[in-house]
Each structure stands twice: as C-alpha cells, then as structure tokens.
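Welcome! Please take a moment to look at the sequence and the model below before you read on.

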Amino acid sequence: MRYVEFRKAIAGELRKQADGLTWSQLREHLNLPYERPCPTWIKQLEEDIGLLRERGAGRALIWKMP
C-alpha cells in the first residue's frame, strides 16, 4: 500500500466517523496490513488532511479530522 492509498482510506473512514476512531478500529475497518502506523505517514497526514490525535480512554489515541 502506498501513502496516497493509505491517506485516501484513512480520510474516507474518518469523514464517516465524526467522533473519530482508534488506530485499532481503523485497522480493523479498513483491513490494513500494518500493526502500527508509520510515524512519517502520521506526520504527513497531519499536514495533508489535518489529522488530529487526541487522548481517549487509557492509552488509546482517537484519530479525528477537523
């Protein structure tokens, strides 16, 4: 999977979920092949689509779009 495909999939799923999703939920919904997201891609998503990550319950980060 290339970054452009990853970005499109993440943005599309987060647009559907106004409350956001955890990485585990995104991975499951999108059937992503990655155990953890690439830190470089996360930074790029923050710039490209305005990705926000907020603390959720426990150690979870909730991924959201503005």
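This is a predicted model: local features need pLDDT of at least 70, side-chain atom pairs count only at pLDDT 80 or more; totals for chains, interfaces and linings use all residues.

Residues are numbered from 1 along each chain as its sequence is written, and side-chain values use heavy atoms, with hydrogens and water left out.

**The whole chain**

- You can find 3 helices and 3 strands in the chain; both kinds of element are DSSP runs numbered from the N terminus, with at least four residues (H or I) for a helix and at least two (E) for a strand.
- Starting at the N terminus, the order of these elements is α-β-α-α-β-β.
- For 66 residues, a compact globule would have a radius of gyration near 11 Å, and the chain agrees because its own value is 11 Å. The radius is taken over C-alpha atoms, and the globule rule is 2.2 Å times the number of residues to the power 0.38.
- Along the principal axes, the C-alpha atoms fill a box of roughly 30 × 25 × 20 Å.

**Surface and charge**

- Of the 66 residues, 30% count as buried. Buried means under 20% relative accessible area, exposed means over 50%, and partly exposed lies in between, using a 1.4 Å probe and protein chains only.
- The chain exposes about 4,700 Å², and carbon and sulfur atoms supply 46% of that area. Accessible areas come from the Shrake-Rupley method with a 1.4 Å probe, and for residues only the protein chains shown count as cover.
- There are 12 positive and 9 negative charges, and their mean positions are 2 Å apart. Lys and Arg count as positive and Asp and Glu as negative, while His and the chain ends are not counted. Each charge is placed at NZ of Lys, CZ of Arg, CG of Asp or CD of Glu.

**The nonpolar core**

- The largest nonpolar core has 15 residues, and those with the most contacts inside it are Phe 6, Ile 10, Leu 14, Leu 45, Leu 51 and Trp 63. Helix H1 (3–16), helix H2 (23–30) and helix H3 (39–48) each supply at least two residues of this core, and H1 gives the most, with 5 residues.
- Such a core is a set of buried Ala, Val, Leu, Ile, Met, Phe, Trp, Tyr and Cys residues joined through side-chain atoms within 4.5 Å.
- Leaving aside neighbours within four places in sequence, Trp 63 is in contact with several residues, including Ile 10, Leu 14, Trp 23, Pro 37, Leu 45 and Arg 53.
- Ile 10 sits in helix H1 and is buried, because its relative accessible area is 0%. Beyond four places in sequence, the contacts of Ile 10 include Leu 26, Leu 30, Ile 49 and Trp 63.

**Residues in helix H1**

- Glu 13 is part of helix H1, and its relative accessibility of 9% makes it buried. Outside the four places on either side in sequence, Glu 13 touches Leu 21, Leu 26, His 29 and Leu 30.
- Lys 8 also belongs to helix H1, but with 67% relative accessibility Lys 8 counts as exposed. Lys 8 and Met 65 are 57 residues apart along the chain, and their C-alpha atoms are separated by 13 Å.

**Residues in strands**

- Thr 22 lies in strand E1 (residues 21–22) and counts as buried at 16% relative accessibility. Not counting residues up to four places away in sequence, Thr 22 touches Ala 60, Leu 61 and Ile 62.
- Glu 54 is in strand E2 and is partly exposed, with a relative accessible area of 36%.

**Residues in loops**

- Asn 31 lies in the loop between H2 and H3 and is exposed, with a relative accessible area of 67%. Although Asn 31 is not a glycine, it has a positive phi of about 55°.
- Gly 50 is in the loop between H3 and strand E2 (52–55). Leaving out neighbours within four places in sequence, Gly 50 is in contact with Leu 45, Lys 64, Met 65 and Pro 66.

Conventions:
Contact means heavy atoms within 4.5 Å.
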